[in-house]
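Biologist: Can you walk me through this one? I'd like the overall layout, then the rings, then a pocket.

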Amino acid sequence: GSVMPLKKTRQLKMIAQGGCCYYCGLQMWDPALSGPPASRRKQALLRCTAEHLHARCDGGTNRAENIVAACYYCNSGRHKRKHPPSPEAFRNHVQQRMKAGKWLAALHPDVLQQRISIRSSLA
């Protein structure tokens, strides 16, 4: 089958996820879908990115089933590691950090009010 442009896939995933990051659950923004947040820092950290569940460097593709929408902070956080954890393990780690008031929650206490609980779509 044909592979959609990555930008389009990212936007569709963001809409499907209710605008929330796959990992931290915070509201993201995408230039084509919503205006940027007021703070420049939030603009940088919460920009919607296409996250490859199976990394491209490990043979992952741009097919829709391999892409989720994740904020820049979470996406870069997972891939900064020498041996990136699985998406599910990283998601659990981020959720624990958020609950403890760490991760992005520590940078933006106000964003906790807009958190939406995310159901695990990974079985």
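Modeller: Helices (H or I, at least four residues) and strands (E, at least two) are DSSP runs, numbered from the N terminus. The model is predicted, so local features need pLDDT of at least 70 and side-chain atom pairs count only at pLDDT 80 or more, while totals for chains, interfaces and linings use all residues. Residues are numbered from 1 along each chain as its sequence is written, and side-chain values use heavy atoms, with hydrogens and water left out.

Biologist: How many helices and strands does the protein have?

Modeller: Five helices and two strands. From the N terminus, the order is α-α-β-β-α-α-α.

Biologist: And what share of the residues is buried?

Modeller: Buried residues are 41% of the 123 in the protein. Buried means under 20% relative accessible area, exposed over 50%, and partly exposed in between (1.4 Å probe, protein chains only).

Biologist: On to the rings. How many aromatic pairs are there?

Modeller: Rings of Phe, Tyr and Trp (its six-membered ring) pair if their centres lie within 6.5 Å; planes under 30 degrees apart count as stacked, over 60 as edge-to-face and the rest as tilted. The count by this rule is four aromatic pairs. One of them is Tyr-22 with Tyr-23, edge-to-face at 5.1 Å centre to centre and 80° between the planes. Tyr-22 and Tyr-23 are both buried. Another is Tyr-73 with Trp-103, also edge-to-face, with centres 5.1 Å apart and planes at 75°.

Biologist: Why does the pair of Tyr-73 and Trp-103 tie together separate parts?

Modeller: Tyr-73 lies in helix α3 (residues 72–80) and Trp-103 in the loop between α4 (87–99) and α5 (104–107), so the pair joins parts 30 residues apart in sequence. Tyr-73 is partly exposed, at 25% relative accessibility, whereas Trp-103 is buried at 15%.

Biologist: What about the phi of Trp-103?

Modeller: Trp-103 has a positive phi of about 60°, although it is not a glycine. Most residues other than glycine have a negative phi.

Biologist: Which residues form the aromatic cluster?

Modeller: Tyr-22, Tyr-23, Tyr-73, Phe-90 and Trp-103 form one cluster.

Biologist: Where is Tyr-22 found, and what sits over its ring?

Modeller: Tyr-22 is in the loop between α1 (6–16) and α2 (40–45), with a relative accessibility of 4%. The charged end of Arg-91 sits over the ring of Tyr-22, 4.1 Å from its centre. That term requires NZ of Lys or CZ of Arg within 6 Å of the ring centre and within 35 degrees of the ring normal.

Biologist: Now the second largest pocket. How much space lies in it?

Modeller: About 210 Å³. On a 1 Å grid over the protein atoms alone, a pocket is an open set of points where a 1.4 Å probe fits, with protein on both sides within 12 Å along at least five of seven lines; lining residues have an atom within 4 Å of a point. The volume is the space filled by probe spheres set on the points.

Biologist: Which element gives the most to its lining?

Modeller: β1, with four residues. The lining includes Thr-49, Glu-51, His-52, Asn-75 and His-79.

Biologist: Is His-52 buried or exposed?

Modeller: His-52, in strand β1, is buried, with a relative accessible area of 6%. Its side chain makes a polar contact (N or O atoms within 3.5 Å, one able to donate a hydrogen and the other to accept it) with the side chain of Asn-62, at 2.6 Å.
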